[in-house]
Amino acid sequence: MKQEPFSFKKRARSFRYAFNGIRLLLSTEHNARIHTVAAVCAVCAGFIFGISAMEWMVVIILIGIVFAAEAFNSALEVLADYVSPEYREAIGRAKDLAAGAVLCVAIAAAITGCVIFLPYIF
């Protein structure tokens, strides 16, 4: 594959595509909206309780990981539905595995949120 020269115009265009992906995620994926509510709650709780810089880093990183996992899952589902509109067991398994990955990350984020915020609450 031939490598094209660096172009600021093409890099700016790639950011536009990426921001469109975030817009699509938030506007079309119901679970992403649930993650948004949870993220807003975590950020508000962080300000209310005055969490430490290290705790902020953990909260921010986990919010990013949860949204990235949801975006990967959504992309896989769109691609799988395009490739195989009819039901296929292997496609169903792949979609279930991707959804399970998001759930694992969301559970880890929720547990971490409890570890960070419960001491402030009690």
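Which residue forms a salt bridge with Glu4, and how far apart are the closest N and O atoms? Lys10 is the partner, with 2.2 Å between the closest N and O atoms. The views below come from a predicted model, in which local features need pLDDT of at least 70, side-chain atom pairs count only at pLDDT 80 or more, and totals for chains, interfaces and linings use all residues. Residues are numbered from 1 along each chain as its sequence is written, and side-chain values use heavy atoms, with hydrogens and water left out.

**Figure 1. The salt bridge of Glu4 and Lys10.** This pair is one of 3 salt bridges in the structure; the term stands for a side-chain nitrogen of Lys or Arg within 4 Å of a carboxyl oxygen of Asp or Glu. Glu4 counts as exposed because its relative accessibility is 54%, while Lys10, at 34%, counts as partly exposed. Here buried means under 20% relative accessible area, exposed over 50%, and partly exposed in between (1.4 Å probe, protein chains only).

**Figure 2. Lys95 and Asp81 join helix α4 to helix α3.** The closest N and O atoms of this salt bridge are 2.6 Å apart. Lys95 lies in α4 and Asp81 in α3, so the pair ties together parts that are 14 residues apart in sequence. Helices (H or I, at least four residues) are DSSP runs, numbered from the N terminus. With 38% relative accessibility, Asp81 counts as partly exposed.

**Figure 3. The salt bridge of Glu86 and Arg88.** In this view, the closest N and O atoms lie 2.9 Å from each other. Both partners count as partly exposed: Glu86 has a relative accessibility of 40%, and Arg88 has 46%.

**Figure 4. The largest pocket, with about 310 Å³ of space.** Of the 18 lining residues, Ala38, Ala39, Ala42, Ile63 and Ala109 are the closest to the centre of the pocket. A pocket, on a 1 Å grid over the protein atoms alone, is an open set of points where a 1.4 Å probe fits, with protein on both sides within 12 Å along at least five of seven lines; lining residues have an atom within 4 Å of a point. Grid points are joined across faces, edges and corners, and the volume is the space filled by probe spheres set on the points. Helices α2 (30–49), α3 (53–83) and α4 (89–121) each supply at least two lining residues, and α4 gives the most, with 7. The lining has 15 nonpolar residues, 3 polar ones and no charged ones. For these classes, Ala, Val, Leu, Ile, Met, Phe, Trp, Tyr, Cys and Pro count as nonpolar, Asp, Glu, Lys and Arg as charged, and the others, Gly among them, as polar.

**Figure 5. A closer look at Ala109 in helix α4.** Ala109 and Ala39 are 70 residues apart in sequence, yet their C-alpha atoms are 10 Å apart in space. Not counting residues up to four places away in sequence, Ala109 touches Leu62 and Val66, where contact means heavy atoms within 4.5 Å.

**Figure 6. The second largest pocket, with about 210 Å³ of space.** Helices α1 (8–28) and α3 are the elements that give two or more residues to this lining. The most come from α1, with 7 residues. By class, the lining has 8 nonpolar, 3 polar and 1 charged residues. Among the lining residues are Leu25, Glu29 and Ser74.

**Figure 7. Ser74 in helix α3.** Ser74 is buried, with a relative accessible area of 8%. Leaving aside neighbours within four places in sequence, Ser74 is in contact with Leu25 and Glu29.
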